[in-house]
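Walk through the fold with me, one element at a time. We go from domains to sheets.

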Amino acid sequence: MSVIVAFLLFAFVLGVGLGVGLVPGLHPVFGRYVPWLAFLFFVGGVIWRVLRWASSPVPFRIPTTAGQNRSLDWIKPSRLDNPTTTLGVIGRMLLEVLFFRSLFRNTRAEVHEGPQVAYGSSKWLWAGAMAFHWSFLIILLRHFRLFMEPAPFFATGLASLDGFFQIGIPALYVTNILILAGLSYLLLRRLLDPQLRYISLPADYFPLLLLLGIVLTGVMMRHLDPFRVDLIKVKQLALGLVSFDTAAVVPKGIGATFWVHLVFITTLLFYFPLSKLMHAGGVFLSPTRNLANNNRARRHVNPWNPEVEVHEYDHWEHEFHDKIVACGLPLDNPADEEA
Amino acid sequence: MSGGGTPKGFPTPEELASVDLQSVPIKGWMDPRINFEGRRGTWSYPAAAKNLRYLKMHNPREWSPTDEDWKLPPDWKKTILNGMADRLERFRSFKIMMDICVRCGACSDKCHFFIGSGDPKNMPVLRAELLRSIYRRELTTVGKILGGLAGGRELTVDVLKEWYYYFFQCTECRRCSVFCPYGIDTAEVTMIARELLNLVGLNINWVLEPAANCQRTGNHLGIEPHAFVDNIDFFLDEIEENVGYKPEVPINKKGADVLFITPSGDVFADPAIYTLMGYFLLFDFLKKKHGFNWTMSAYASEGGNFGLFTSNEMVKRLNAKMYREAERLGVKWILGGECGHMWRVVNQYMDTMNGPSPSNLVIPESPFTPTIFTNAASTKMVHITEFTADLIKHKKLPLDPSRNDRYRVTFHDSCNPARAMGLFEEPRYILQNACNNFWDMPRSTIRESTFCCGGGAGLGNDENFEMRMRGGLPRGNAVRYMQKKHGVNVLSCICAIDKATLPPVCDYWAPGVEVAGVHELLANALVIKEGEVRENNLRGEPLAVESDQTEGQD
């Protein structure tokens, strides 16, 4: 059911893309104003979401400790998995954000006859996620060749590194292979693993389809003859887009594949702030990861620390007075004895 | 109390463990209906009205989950939704955890209840989705428009019933949060869900009775001061009988240097009582030899805090007694005993809730070694294994580990000292010095990856026995593995709930393995006087090792 909804939604976006590609009259709108709107929505939306999260306080310091804490001098603390300093927290966050440290721990539990519970290493999800996210970043940076004139050094540098193996003309990018492999794996495991299919919502399939759509149209434009586009015109359009210049001309005859590609990207920009893709921002604010485990050494303040009713010692002594006397414990208020 | 043995007619371990983690129901998870009658053994009885009244909590009444009508207040829906909205504004954790899960599934098989039951709603991701689906539908714009397409569900009475079932089927052990790439912590989600359920009077007695007792008498078991003193006197006689030596235990003593607080399970329940005897021997040794000036309290007579399984306000109420009593008695610092969730509270909540600590408290310094516990500089509370490990390191404790030679020992990391503190090496160091035979369990089942006993967070009651045994499968199975491989016969731990719930887990999954506190084993090994000869350990068992004890099959 979730799969069908996601596919239908994706088909709709694809339809819009093809429509735009085939109707040149729509190009000025979908080549300028819609992407601009999408970009503003994306930036504004992400900022708004992060500010909304940040507006809620962090009442308690609750890091998940995944290593030895700092206690006695002769016991080696685990500075990254259980940080007690800001530097340690930064290290933990970098490992988490850049290398998906927690996901790297993944194991797979199986219950065999006997009974015997076994835990196997399970790094494929980590590998798939790493392949996708890193390739995505590099591909995004590579695209700055289209957004800047002259092309920035990092974009040309990355492109030549990425095409290092020089397979085919134009050179095949390693990241294109990796991102396709990564995304395909992430989608296939959702479709084929019964557990994952059970927990998956349309919102889990749709972004994968959208991203695959973006990557596939990109690869088609580069490598498959019937879909090749005029790069000079693409760059002309891209420069117009990033200049936010309403007077810039939308070049004619780029090719339909490009328009599908652009509509997918535009959709992604709109979709991002509304969706689980915001995990990209949220992970930085996650209180189980971004706080130091130094609670006993440094007091953490809760801005809404509530007043509560405590059963004070005096009341306690009064309530159990006779029993306290009977067992010979000292009294704070011997005057009570008469009462 | 738990530990009454396996009920008659209960499935065999082979039968209970025949779960298929890969099979999922044909029907999707959004249908909330639960057949409570058919699932007896996997849920806990509701809180008695008297306990709610005593604590001034919402909607006290007599009811049962098998009833059709749960006697909810008329405006229950508004109460829950307002409660949710309010907590989204007060807890960044909650807001983030409602928004950023990508359902990658990394957490799915990390939960002991899922591994032992195969029920997909015990996958941490789905447990949280039970709440998230309501959040999306009722409190987000996209969800209000798209409803089910956006993974939203309407809040109904059936959903509340489902929450009651599954949020009192999570032990807040945080194992899933170790593996989550965003640190989403089901314990946090469950704690908020339980706060919400409490707003309309849905809670379990095994949590609220201890909480009410603790509020009134100072401890979960409702032991009044004279009984507290009597129990301790009884244990002192017991120690004398087995060890030939009677320690002194000061209670409510003003002017002591150190206030010692331990869970009341230590004062009441076998085998935790042997841990208590262990503390007494250790402290008395330190007193006689070095003048250790300590006291217990009959008012702050509870280390544990079942408020943690109720609401943050309740945590604060029950925890307040620690600092209040430390101030009244004029001690310098507080020493805390072997307990799991107590240390979650002490390490992550106490100072924030009830601090700054009273001015008479100072940064804890060991009276016998040069050690200053700077890691407790603000809270002023030291963990007993930190204290003892430091003493051993500085050669202050003469130990004869051969006295524990009848024991072949492994160590169970309790959830909270593991994942809310990171206390891994201290207890192991003590065990390695106090025992000649010590082995760790497989790496996937210890330290930050340790498995829950299956009965934490208030679920260690008898009516929930089946779920406890299911949840105990991963731990019990690892113990069984050690039993076969190394002849292990003692599972040692530093948590009073463990000491109550692991014995039945071991009886069921690894029969023949006993449970013992770290300080019980330490005190067995502690040479109190030079040339001291002991015939019995703290349990009154002869120290002499019987031969051919090990099974030794690999």
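The C-alpha centres of domain 1 and domain 2 of chain A lie 64 Å apart. This is a predicted model. Domain 1 of chain A covers 2-308. Domain 2 of chain A covers 310-339.

Now turn to chain B. Here 4 strands form an open sheet with parallel pairing. The order is E2-E1-E3-E4. Strands E2 (294-295) and E4 (381-383) of chain B stand at the edges. Each has a single partner strand, so one side of each is left without a neighbour in the sheet. A helix also joins the picture: H17 (residues 384-393) of chain B packs on this sheet. Helix H17 of chain B touches strand E3 (333-336) and E4 of chain B. Its direction makes about 70° with that of E4(B).

Look next at one pairing in detail. Strand E1 (residues 258-261) of chain B pairs with E2(B) in the parallel sense, over 2 bridges. Leu259(B) has Thr295(B) in E2(B) as its bridge partner.

Chain B also holds an open sheet of 3 strands, again with parallel pairing. Its order is E5-E6-E7. Which strands stand at the edges? They are E5 (409-412) and E7 (514-517) of chain B. Each has a single partner strand, so one side of each lacks a neighbour in the sheet. Neighbouring strands of this sheet are turned by 35° against each other on average, direction ignored.

Finally, the pairing of E5(B). This strand runs parallel to strand E6 (residues 490-493) of chain B, and 4 bridges join the two. Within that pair, Thr410(B) stands opposite Leu491(B) in E6(B).

Notes: Residues are numbered from 1 along each chain as its sequence is written. Chains are lettered from A and ligands numbered from 1 in the order in which they are written. This is a predicted model: local features need pLDDT of at least 70, side-chain atom pairs count only at pLDDT 80 or more; totals for chains, interfaces and linings use all residues. Domain bounds come from an automatic or database domain assignment. Two strands pair if DSSP finds at least two bridges between them. Two residues are in contact if their C-beta atoms, placed from the backbone, lie within 7 Å. Axes are lines fitted to C-alpha atoms, for helices over the stretch in contact, and angles run from 0 to 180 degrees between N-to-C directions.
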